[in-house]
Amino acid sequence: MEKSGIKVLVVDDEDDYRQLMVFWLQSKGYNALPASSGEAAVELVKEENPDIIFMDLRMPVMDGPKTIARIREFNADVPIIIISAYLDDSKIREATIAPGIAGVFYKGKDFSQSLILLESALRTHKRLKK
Amino acid sequence: MAEIAIVLTITILASILIAALLLYLGSSSGRSHLKGAQGGLRDAGAAAGNNQSDIQKYLQDALSEQLANLTDSSRYLNKITTAVSDVFSKELERKVSQSAQEISGKYEAIIREKSRNEEIALKKYQTVSTAKKETEAVIRSIAEGLVVVDAQGNVVMMNPAAEKLLGVTQKEKSGRPLTEGVKDEQLVSLIRPQPGESKGREIELASPQDETKKVLRASSAVIENEDGYTVGMVSVLSDITKQKELDALKSSFVANVSHELRTPLVAMDKSISLILNKDAGPLTETQEQFLSVAQRNLKRLGNLINDLLDLSKLEAGKIEIRREPLSIEIIITESVEALTGWVRAKSIGVVKNIKSGLPRVDADPGRIIQVLNNLIGNAIKFTPHNGVITIDAGLSRDGKRVEVSVKDMGEGIAKEDLPKIFDKFYQAGSERVTADISGTGIGLSIAKEIVELHGGDIWVESEKGRGAKFSFTLPVY
């Protein structure tokens, strides 16, 4: 599949980080879409049907785990990669128990590492679909 | 005339004889009784004071009789008798009054002594009772609860603070076990201290008055008698509820700060990375150079924040140590490998002296690598180019610990700096810090916290100009 055909949803309430990640993914050829809240993410998943989601954990009103639960109500198989500001966040464990979590990306790490996670998640997902 | 001369001579001789006799008897009468002189003189000492004329008369009679036997002449008899007995009685009077004075003097001394002793005893009693009252007042008024129990665990005494903390009174509890009547739900938990920790145990109590929980810390000490037998226990209870609340507040603050501080740093770092990686277009060499400076300093700031958060978590006891049997050799190798780039850059030699057959240690691998990275990192920092770092590992003398040490070839640490070296934000002698050395000054504090959490010790040996040797121990698995 062409990279430009791959829709990546980036969910983060933090404008700067979200914009940077979207910019970077786009510079790598992906069709990256931003969502600034859990609610917006749910709507975008419905409308755009992304191939993969980067999901921040700590967001106001609807946090990561809640948003994931809502998405799973109507979309059981889109792979989700958790993004977290710190490795020892107690919410990571809570979130990763949910099905379809493809990995955890630490925000401090280099963006290129998120690409490794993204590509392996997409491969696994494709195999599972076949 | 010859007759008179003989009688006089005899009389004088006799009177001298008798006087001598009386003198002797008189001296012994001072101690006890004046024993009979001339057979008829009895108990004169005692009698003398009362009835001197009787004795005088008796003596006169006795002497008259004696002298009458000695001579036919009774002409001078009465005169002589009277003279002799006068001498007698005067001498006797003197002796007796002397004895009486001596006796009364001694008696007075005894009385004085006795009353002085009584006075001393009274003073001592007053001192002791004042001290006791003071001690009681101190015990009553200290803010910490104090409970004394006997060997059977029954309450002997408790101060008002303890009554208030435990919600009981001494009257109710006296002679009864402390935990009697305390409902299970009141005694929420009893946390035993970790080995090597001397904080005492923490007792969580659901207070009977209000529904809020209370957390008490009990520091107890066993009371032994002179023979070394346990006769009871004294416990000091302090209310650490507020402290616990603050701890909880602090750790949530730490978590929030952690997020708030890292978020902007991450965004800045990512932005710079995107530009430096030319994802946002081409860059001139100068632009690249300055952006690299910005990024390097951001990393430094990030490390400082991470160290600070680490330390505050360690201090709040928020860091969990996941112990497992570890080979110290593998850990040292891993740590050295992680720092290979830096070691090569400075052309430093690393010598490892690891005793073969060392037992495994009981420790958290991630945390021990953190300690070693810090110590070896410091050693690299302070060792000049082409220098050597020596890492030793061996068993402690008692065989219960593995000892690891890292020795550098740096400037060493001045004696006065040694005790402060593990303090927060302390960097020994700023001349040690050269341009490429960017320490946060809390790496050693973190290392100390980690080693102590494992139940080990950490210390440093150094002399100015002779390098420094940092050592730590870990318990054998």
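The structure described here is a predicted model. Chain A has 130 residues, and chain B has 477.

**Chain A: overall organisation**

- Chain A contains five helices and five strands, and their order along the sequence is β-α-β-α-β-α-β-α-β-α.
- Of the 130 residues in chain A, 50% count as buried.
- Among contacts in chain A with a separation of 6 or more, 62% are made by residues 24 or more positions apart.

**Chain B: overall organisation**

- Chain B contains 12 helices and 13 strands.
- Of its 477 residues, 35% count as buried.
- The accessible surface of chain B is about 29100 Å², and 54% of this area belongs to carbon and sulfur atoms.
- Residues 24 or more positions apart supply 57% of the contacts in chain B with a separation of 6 or more.

- A:S114 is located in helix α5 of chain A, which spans residues 111–129.
- A:S114 counts as buried because its relative accessibility is 0%, and the cut-off for that class is under 20%.
- Leaving aside residues up to four places away in sequence, A:S114 touches A:M21, A:W24, A:F54 and A:F105.

**Salt bridges**

- Over all chains, the whole structure holds 17 salt bridges.
- A:E48 and A:K7 form one of them through their side chains, with an N to O distance of 3.1 Å. This pair links distant parts of the chain, 41 residues apart: A:E48 belongs to helix α2 (residues 38–48) of chain A and A:K7 to strand β1 (residues 7–11) of chain A.
- A:R18 is buried at 9% relative accessibility, whereas A:D15 is partly exposed at 41%.
- In chain B, the side chains of B:R323 and B:D362 form a salt bridge with an N to O distance of 3.6 Å. B:R323 lies in the loop between α8 (285–315) and β7 (324–326) of chain B, while B:D362 lies in strand β9 (residues 361–363) of chain B, so the bridge ties together parts that are 39 residues apart in sequence.
- B:R323 counts as partly exposed, with 38% relative accessibility.
- A network of salt bridges links A:D12, A:E14, A:D56 and A:K107.

**Aromatic rings**

- Over all chains, three aromatic pairs are found. In one of them, A:Y17 and A:F111, the ring centres are 5.7 Å apart and the planes stand at 55 degrees, so the pair is classed as tilted.
- A:Y17, A:W24 and A:F111 are linked into a cluster by ring pairs. A:W24 is also among the residues that A:S114 touches.

**Charges over rings**

- The charged end of B:K270 sits over the ring of A:F111, at 5.4 Å from the ring centre.
- Within chain A, the charged end of A:K46 sits over the ring of A:F74, with 5.4 Å to the ring centre.

**Nonpolar surface patch on chain B**

- B:L8, B:I12 and B:I16 make a nonpolar surface patch of about 280 Å².
- Of these residues, B:I12 is found in helix α1 (residues 2–29) of chain B. B:I12 is partly exposed because its relative accessible area is 46%, and this class lies between 20% and 50%.

How values were computed:
Residues are numbered from 1 along each chain as its sequence is written. Chains are lettered from A and ligands numbered from 1 in the order in which they are written. This is a predicted model: local features need pLDDT of at least 70, side-chain atom pairs count only at pLDDT 80 or more; totals for chains, interfaces and linings use all residues. Side-chain values use heavy atoms; hydrogens and water are left out. Helices (H or I, at least four residues) and strands (E, at least two) are DSSP runs, numbered from the N terminus. Buried means under 20% relative accessible area, exposed over 50%, partly exposed in between (1.4 Å probe, protein chains only). Contact means heavy atoms within 4.5 Å. Accessible areas come from the Shrake-Rupley method with a 1.4 Å probe; for residues, only the protein chains shown count as cover. A salt bridge is a side-chain nitrogen of Lys or Arg within 4 Å of a carboxyl oxygen of Asp or Glu. Rings of Phe, Tyr and Trp (its six-membered ring) pair if their centres lie within 6.5 Å; planes under 30 degrees apart count as stacked, over 60 as edge-to-face and the rest as tilted. A charge sits over a ring if NZ of Lys or CZ of Arg is within 6 Å of the ring centre and within 35 degrees of the ring normal. Patches are made of residues with over 30% relative accessible area and no salt bridge: like charges are joined within 9 Å, nonpolar side chains (Val, Leu, Ile, Met, Phe, Trp, Tyr) within 5 Å.
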